[in-house]
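Here is a quick tour of one protein chain, written for someone who likes to check geometry by eye. Have the viewer open and follow along.

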Amino acid sequence: MIDRFNVPTRMAIAWFGGIALTLAISTVSVRGDDAVDFKRGVQPVLEAHCIKCHMPGNAKGELSLATRADVLKGGEDGAAIQPGDADASHLIKMITPGADGKAKMPKKGDTLPADAIAKLRAWITSGAAWPDGVVVRERAKADRTWWSLQPLSDAEPPTTPGAPEAWTRNPIDKFIYAKLAEQHLTPNAPADRRTLIRRVTYDLIGLPPTPEEVEAFVADKSPDAYAKLVDRLLASPHYGERWGRHWLDVARFGESNGFERNVIIDNLWPYRDYVIRSFNDDKPFDRFVREQLAGDVIDGDNVDVAVGTAFLVCGPYDNVGNQDPVQKAQIRANTIDEIVRTTAEAFLGLTVGCARCHNHKFDPIMQADYYALCATFAGVYHGSRDVATPDELKQRAEALAPLNARLKELDAAKAALDKSIAQNAKQREAEATARWTRPPVDRYGTEERFDAVDARYVRLVAESRDDQPNARAGFGIDEFEVWTAGEATRNVALASNGAKAEGASRVAPDFADAYAAKNAIDGRFGARWISTEPTLTITLADTQRVDRVVFSSDRIHDLPKTHVKTRFVGDYHIDVSLDGKTWTTVADSSDRKPPSAAHAKQRLRDATITPDEQKRLAKIAAEKRDVQAQIAKVPSPPSWWVGQFRAAPGPFNIFVGGSPQRPGDAVHAASPSTLMDVAKPYTLDDKAPESQRRMALAEWIVADDNPLTPRVLANRLWHWHFGTGIQSTPSDFGYMGGRPTHPELLDWLARQLHASGWQLKPLHRLIVTSQTYRQSSAFRDDAAQVDSDARLLWRFPPRRLSGEEIRDSELAIAGKLDTRMGGPGFRLYEYQQDNVATYVPLDRFGPETYRRAVYHQNARAQRVDVMTDFDCPDPAFAAPRRSATTTPLQALTMLNHNFTMDMAGALAERLQREAGKDAASQVRRAFLLAFAREPSADEADAAQRLITQHGLRALCRALLNSNELIYIN
């Protein structure tokens, strides 16, 4: 390639095995316009070989080659180039090979081709012209010509000569058959009616058909029998439960906040109900999108619309509350990142999150696009919000007005009385403070000495807590010591010396005795007694003569004195007793300095207040309690986890390298540039209200000229019907995602969504009534040789039921399914909360848990036996595709779990009710319930023998453990 140029140069020749290798190592004179034209000759070289390691935010050697200013500024070794002098330019020195044929740069990869080096030399020699505004960026693998970023095609269903007449009626079949014909494949014959009703019933409502429904369909010979079946299923309220569950996977819907605290969220269920209701109502999907991104903007007064914004905040978020400014900013950035990623992947199939630290490596998504979306969601915060209509709020305000007014009057009366008491206390301040001669209590160790006294019982009684004068509990004691009088003094309060400690303590359900009173006498300082009452009582092994106690909440100085974990007593007294009934005070804190000014004020108040003032204060307090009780009876508006929206005026910046501590170029809320060639873009300035930003994004996502949203949605529907989408990665339509097997069909389906006004049920109907869907799932070796995973759909792909379907099926077959819809969910775990949350799986299950699994309160990082074992995803992340594993644990769970045993017993009882005592009738009914078919003669004979030998319950257990039950053909 060098001979394309006129290259006067010094040459170095190295001999390798008798072969001469000639290397250009000096100045070149280049002929050809592209060699010195920056965009045509230089920029491609920098993009291909240099910018990956030398870009803003990832500038190795502190050198960025992104802009002319960066190049002239240089890095650790000074300016990268010397315009007009290539030989003096550091860049040329680093990329020019030495005698060994190797250059210092790039460190990774091959030495630059000679013509690339020549172009850079010629460009520098000619003055290094760099067009204004040009920024060198690493090129993604795909650009804006990528298939999924193009307008929807107008392809129509093809006609294939020789296609069976049944495969020419439905447009879907025309597309599928044409592709099969290209590969010389033929589709399977239609599935039998029992298989078909079981398939479509599970597909559309997630439950098994009843024997009566199966027999009615098999007996209906009318031409529209199947169409009527499909219409009935689409009209069923169970349809929304089934298909709403699909969307909840995409929305990463989980009812705990995740991270290390993972606290349960009890008011997020309205979003689940909203999703189910939306599917049942066949709400247009464009409306569904708008409501989930900006429901509060569309119709904030309508609770059925405003609840949609829970989509933004139903994912995991870190609420530990780190107060370090750097970490706090990082956590907030992570929170917004989670919302951005979920939104882009759910609606657009774009992995926008990969552009957080740099431009996307594979797709045409710029880092500025990512931060434009961050600006869009900058005002979104996780949390609850009151959701009520204006009339409801008005009625509540009217009911509360007189009560709040009376509260205000009572507060004023109390304030006046408190002021009078404080003035009297002020007059006695000097007298009182004179008695405060000892140091205040010390969390690291407080000692009380007193005259020697015989005692069997010693108690500490808190009169206040060191951080709050009006609190008498909630403090900790890491050790309480009682020392004997005399020279050979010893701590007789130790449990090892026979002592016992009593005191009401905080309870940690997941860690028995974590804060028990015994921690105060164990001789160790790590654990503490955390009080819920003021008194700690020590019972000694026998009567002892004592004269000193020592107690603390952080003896080893493990934490700062103000740390909440080491809260300590404030004022107190120490009592002793011989019998545990008659007590004598031997020491108190009255002569200690108060722990705080608030404690001093309280002491003075207690010493000054008169009986009449106490009586008047008590009367005010009693009336306040009465008024507050009346306020509590006024119904509060529902508070749902739908997010909080706050003003976020900007400015907004790119975070260089993804770090909030390195703000880069300014950005504004805007549509991603990824689709700028096909979808009309928008940009909002920083003054645009937070709500307008979200609304603008929602409108852009569902705009008629945006091809991604209908493509992604059509593909999701196909995926949920057939187990794999036309494009195999439902939330990634970029370079790293799958390629569509039937691109024309995908676009045709997307156009049908537009044509149906974004309603899904017409598309469901079209798909499930196709011959493609209705064909048998029988395996054919000849077809599998060509298309092993049936992506071309020469057969219906069999599938295993999901974890939810398995559980729901067992309940339905056993006659125990509670079909009640909506409302707060049930739990298959015991929820325990202390500093963190713990979810303990239940061993036994009552009727309150017999609802459909979609109503289970799914917390993050918790196991739910059958559902977890059968691949129900952890909602820590979105799950656009579910796994379908096969593990020994699944078999063990199905065989031995208490739930399966309970359902086997319930099924046996059902069979006895419905089929009587005749074993043959019981077997027939059992097979119809479980498999939608009658048993063969061999199956019937074997089943009856099993009943005779082991009982009906054993047969029911076997049927619930069969593969046929959990697979759809």
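Predicted model: local features only at pLDDT ≥ 70, side-chain atom pairs only at ≥ 80, totals over all residues.

## Overall layout

Along its principal axes, the C-alpha trace spans about 105 × 100 × 65 Å. The radius of gyration of the protein chain is 38 Å, whereas a compact globule of 969 residues would have one near 30 Å. As for burial, 51% of the 969 residues count as buried.

## Salt bridges

Side chains of opposite charge can pair when their charged atoms come close. In this model the count comes to 64 salt bridges.

| Asp266 | Arg827 | 2.9 Å |

Which side chains meet at 2.9 Å, N to O? Those of Asp266 and Arg827 do, in a salt bridge. Asp266 sits in the loop between helix H10 (237–250) and helix H11 (269–280), and Arg827 in the loop between helix H27 (803–814) and strand E20 (829–833), so the pair ties together parts that are 561 residues apart in sequence. Asp266 counts as partly exposed, at 46% relative accessibility. Arg827 also gets the partly exposed label, at 27% relative accessibility.

Glu447 belongs to strand E7 (residues 446–462) and Arg548 to strand E12 (residues 535–552), and the pair links distant parts of the chain, 101 residues apart. Are the two partners buried or exposed? Glu447 is partly exposed, with a relative accessible area of 32%, while Arg548 is buried, with a relative accessible area of 15%.

Asp747 counts as buried at 6% relative accessibility, and Arg711 counts as buried at 1%.

Beyond these pairs, there is also a network of salt bridges, which links Glu212, Arg910, Glu914 and Arg925.

## A positive patch

Lysines make a spot of their own on the surface: Lys52, Lys60, Lys107, Lys108 and Lys141 gather there in a patch of positive charge. One of them, Lys60, is found in the loop between strand E4 (58–59) and helix H3 (68–73). Lys60 is partly exposed, with a relative accessible area of 45%.

Most residues other than glycine have a negative phi, and most peptide bonds are trans. A few spots here go the other way.

The bond from Met105 to Pro106 is cis, with omega near -5°, and Pro106 has its place in the loop between helix H4 (90–95) and helix H5 (114–125). The bond from Gly650 to Pro651 is cis too, with omega near 5°. Pro651 lies in the loop between strand E16 (644–645) and strand E17 (652–655).

Then there is phi. Arg252 has a phi near 50°, a positive value in a residue other than glycine. Arg252 is found in the loop between H10 and H11, and is buried, with a relative accessible area of 1%. Ala790 is not a glycine either, yet has a positive phi of about 55°. Ala790 lies in the loop between helix H26 (781–786) and strand E19 (799–800) and counts as buried at 4% relative accessibility.

## One last contact to check

Where is Asn963? Asn963 has its place in helix H34 (residues 963–966), and counts as exposed at 55% relative accessibility. Asn963 and Arg800 are 163 residues apart in sequence, but their C-alpha atoms are 8.8 Å apart in space.

How values were computed. Residues numbered from 1 in each chain as written. Heavy atoms only, no water. Patch = residues over 30% accessible without salt bridge, like charges linked within 9 Å, V, L, I, M, F, W, Y side chains within 5 Å. Areas by Shrake-Rupley, 256 points an atom, 1.4 Å probe, with all protein chains shown as cover. Salt bridge = Lys/Arg side-chain N within 4 Å of Asp/Glu carboxyl O. Lys, Arg positive; Asp, Glu negative; His and termini not counted. Charge placed at Lys NZ, Arg CZ, Asp CG, Glu CD. Helix = DSSP H or I, 4+ residues; strand = E, 2+ residues; numbered from the N terminus. Buried < 20%, exposed > 50% of the residue type's maximum accessible area, 1.4 Å probe, protein only. Rg over C-alpha atoms; globule rule 2.2 N^0.38 Å.
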